[in-house]
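Colleague: Before I rely on the terms in your description, I would like to hear how each one was assigned.

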Amino acid sequence: MERFYLTTAIDYVNGAPHIGHAYEKIITDIIHRHYKQRCDNTFFLTGTDEHGIKIQKTAKENGTTPKEMCDKNSSYFKEAWQLLDIDYDRFIRTTDEDHKKIVQGIFEKLLKQGDIYKHSYKGLYCSGCECFLNAKDLDENGNCPIHGKKPDEISEENYFFKLSKYKDAIIKHIKENPDFIKPAFRANEVINQLQDIEDISVSRSITNVNWGIPVLSDPEQIIYVWIDALSNYITALGYNVDGNHGELFKKFWPVDVHVIGKDILKFHSIYWIAILMALNVELPKSIYAHGWIMINKDKMSKSIGNVISPKSVMDAFELKEADALRYFMAITAQNGRDGNYSDEEFKEKVNADLANNFGNLLNRTLNMSVKYFDGTILNEHINESELSNKVQETIKKVKSAFDEYDVASAGNSIIELADCANKYINDNAPWTLAKEGDMEKCGKVLYTILDTMAALSILIKPFCPNIAQKVAEQLKINTDLKLDEIKTGLLKEGKLISKEEIKPVFLRLDSEFADKK
Ligand code: MSP
């Protein structure tokens, strides 16, 4: 694998980041860190989506300007991603000058070649979705089913994009490329949506929406948010309508995966694909639609008052590092399905997996190796047990889970390996072997565990980079190894550790957190 490019959705900045936004950024960061273990050239793009009626309205309600509000709120997203160790390469804002200029160029190109045309239009606009809805999409009360609000009736002259022209080509592409939409169960949903697809409005009159990118040849019209937002995936790399692309575009496009939520799959697998087809740009290799994070099984919403920010979770549990939250988020939802967050589940899961299963195993083993061997690794202790086969099996499983962007399965396979290592230590009871004087066997058992822990620390690094670092420091190994470099015998012969150097790599979350709501 030579290079890997991945993106997240860009978040609206009319509020602060919540753990749903965080979930997406965490799983994408984990995928990115995993692929860094498989190839040298990667690019991870995230950012904020700052234009549109929603921002314009919220800014007005708050007595501020859209730009001031965007600057402030966008910085909250950046701060949150820093707190969560999200290691992106570019944070794009749709208010960035380079982005705006390229979007205007894209619009003009599509207009010139006839893919965009002007048309008088009457429609139902949901500002929550930032899109027009059909009457049949509404619920029985005439509300948007996602936002529970009546859409606005809008009548204006807009530019339209000839989406219907691309319908058959998109259906063909989806059918011929089973890896295009992941998980695969979502593909049918998209094919169904494509059946009655119509041309879409791609601009708004400046009299109704002024916070956006003006159409270059017709400044009375503002480019509609989805064209603006979706284009970020290529503007960030220096795409150029004249074909004079920047180095990043040449190197990284087509994207390997767009990671997005299930609610915006239609925009990515239909609108975006049609735009790229019209621009004659290569299509993404895949689009991964994740499920939603619920709170105590309820949908997160301002009206229910159950919106949780990642910082509030970190503060409540007095966490200085994000590993626990990253790990929990990664495994709380099965591939593409909804997941749940509750304080109780969070605490129980990370205590069981990270503190008991993973951390304690290392701690116990290092302590025994100091007690019985003065913390020294001997050559004859080299690991030849079936556990080393399990390590190789796990690497294969983890890779194939990540091939599907199934972060939860990958995380579970890693913890299963820690389970096997725990079973191995209990079955072989090195403490009994030492008591019986079988030091050769005792040494082999301890070495086997530590060697497995070395492999585990590399495997878990994308999920828990800080824990991995602490394990690596105690085992004196290099966690920058590629996955293919994990083999038996990672530990060096000789003095490994003294009693004073042994430190827990993860502390249990023990305080009681009564329901805060
Ligand atoms: N701005 C658009 C995306 C444009 S991408 C070119 C948007 N923004 S959003 O802020 O509403 O959502 C950003 C991402 O967060 C989306 O992928 C969305 O699915 C995801 N999530 C929002 N709430 C979520 C949960 N409760 N759980 C998981 N992800 C959720 O849509």
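Predicted model: local features only at pLDDT ≥ 70, side-chain atom pairs only at ≥ 80, totals over all residues.

Modeller: Residues are numbered from 1 along each chain as its sequence is written, and side-chain values use heavy atoms, with hydrogens and water left out.

Colleague: How do you know that strand 10 and strand 12 pair?

Modeller: Two strands pair if DSSP finds at least two bridges between them; strand 10 and strand 12 (residues 218–223) have 3 bridges in the antiparallel sense, so they pair by that definition. Arg204 stands opposite Ile222 in strand 12.

Colleague: What makes strand 10 and strand 11 edge strands?

Modeller: In the open sheet of 3 strands, ordered 10-12-11, strand 10 (203–205) and strand 11 (214–215) each pair on one side only.

Colleague: Which residues touch the most other members of the largest nonpolar core?

Modeller: Tyr341, Phe346, Phe463 and Leu475 do, among 108 residues; such a core joins buried (under 20% relative accessible area, 1.4 Å probe, protein chains only) Ala, Val, Leu, Ile, Met, Phe, Trp, Tyr and Cys residues through side-chain atoms within 4.5 Å. Helix 17 (residues 439–460) gives the largest share, 13 residues.

Colleague: Why is a space called a cavity?

Modeller: On a 1 Å grid over the protein atoms alone, a cavity is a set of points where a 1.4 Å probe fits but cannot get out. The structure holds 4 cavities of 30 Å³ or more, and the largest cavity has a volume of about 70 Å³. Of the 13 residues that line the largest cavity, Gly52, Arg204, Val209, Ile223 and Val225 are the closest to its centre.

Notes: Helix = DSSP H or I, 4+ residues; strand = E, 2+ residues; numbered from the N terminus. Buried < 20%, exposed > 50% of the residue type's maximum accessible area, 1.4 Å probe, protein only. 1 Å grid on protein atoms, 1.4 Å probe; cavity = no way out; pocket = protein on both sides within 12 Å on 5 of 7 lines; lining within 4 Å. Points joined across faces, edges and corners; volume = space filled by probe spheres on them.
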